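This report describes one protein model for a reader who has not seen it before. The sequence and structure come next, followed by the description.

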Amino acid sequence: MKGELAVALRKIMEGQLASGAWPWFKGMRESRYITQHLVKGFAHLHALKVLDIRKKPRIFKMMKQAIKYLDRAIRDDSGPVRRRGWPVRAAPSRPPGASR
């Protein structure tokens with residue numbers, strides 16, 4: 001099973017584009033949806049204590065690059081909203097009721 005996990009992780013790492021995003025398939029352009037899906041999946045594994053992302057430098061770096069891509073994509077998407085003068089509120093840094 002560890003061998004299968006290593007192969008799957010290698011494929012995921014190799015599939016990440018320079019932008020930090022992943023495409024649906026090799027050779028395609030970046031996909032925000034697939035990138036969000038992968039980041040969410042790794043976050044679930046981390047939350048379930050199946051995989052400690054912070055102790056895996058290559059995975060941690062991969063996730064940081066993906067989150068930077070997603071931050072840029074969200075900022076780019078909010079551009080038209082800002083130009084129209086609609087209010088854009090920053091998300092709270094942590095969920096309500098979460099302790100430090």
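## Salt bridges and overall layout

At a relative accessible area of 32%, D52 counts as partly exposed; buried means under 20% relative accessible area, exposed means over 50%, and partly exposed lies in between, with a 1.4 Å probe and protein chains only. The model is predicted, so local features need pLDDT of at least 70 and side-chain atom pairs count only at pLDDT 80 or more, while totals for chains, interfaces and linings use all residues. Residues are numbered from 1 along each chain as its sequence is written, and side-chain values use heavy atoms, with hydrogens and water left out.

The side chain of D52 meets that of K55 in a salt bridge of 3.9 Å, N to O. A salt bridge here is a side-chain nitrogen of Lys or Arg within 4 Å of a carboxyl oxygen of Asp or Glu. K55 is exposed, because its relative accessibility is 66%. By the salt-bridge rule the count comes to two. In the other entry of the table, R10 and E14 are four residues apart in helix α1, so they are separated by about one helical turn. R10 is partly exposed, at 40% relative accessible area, whereas E14 is exposed, at 57%.

| Salt bridge | Distance, N to O |
|---|---|
| R10 and E14 | 3.2 Å |
| D52 and K55 | 3.9 Å |

The secondary structure comes to three helices and two strands. From the N terminus on, the elements run α-β-β-α-α. Helices (H or I, at least four residues) and strands (E, at least two) are DSSP runs, numbered from the N terminus. Of the 100 residues in the protein, 23% are buried. The protein exposes about 8400 Å², and carbon and sulfur atoms supply 58% of this area. Accessible areas come from the Shrake-Rupley method with a 1.4 Å probe, and for residues only the protein chains shown count as cover.

## Contacts across the chain

A contact means heavy atoms within 4.5 Å. Among the contacts with a separation of 6 or more, residues 24 or more positions apart account for 46%.

L9 gives an example of residues brought together from separate parts of the sequence. L9 lies in helix α1 and is buried, because its relative accessibility is 17%. Not counting residues up to four places away in sequence, L9 touches F42 and I59. L9 and I59 are 50 residues apart in sequence, and their C-alpha atoms are 8.5 Å apart in space.

Q16 is placed in the loop between α1 (2–15) and β1 (22–23). Is Q16 buried or exposed? Q16 is buried, because its relative accessible area is 14%. With residues up to four places away in sequence left out, Q16 touches A21, W22, M62, Q65 and A66.

E30 is in strand β2 and is partly exposed, with a relative accessible area of 34%. Leaving out residues up to four places away in sequence, E30 touches L17, S19, A21, W22, P23 and Y69. The C-alpha atoms of E30 and L17 are 7.3 Å apart, and the two residues are 13 apart in sequence.

## Surface patches and a backbone angle

Patches are made of residues with over 30% relative accessible area and no salt bridge; like charges are joined within 9 Å, and nonpolar side chains (Val, Leu, Ile, Met, Phe, Trp, Tyr) within 5 Å. For charges, Lys and Arg count as positive and Asp and Glu as negative, while His and the chain ends are not counted. The place of a charge is taken as NZ of Lys, CZ of Arg, CG of Asp or CD of Glu.

A surface patch of positive charge is formed by K64, K68, R72 and R75. K64 lies in helix α3 (residues 57–83) and is partly exposed, at 45% relative accessibility.

W24, F25, M28 and Y33 make a nonpolar surface patch of about 510 Å². W24 is in the loop between β1 and β2 (30–31).

K49 is in the loop between α2 (32–47) and α3. K49 is exposed, with a relative accessible area of 74%. Although K49 is not a glycine, its phi is positive, at about 65°. Most residues other than glycine have a negative phi.
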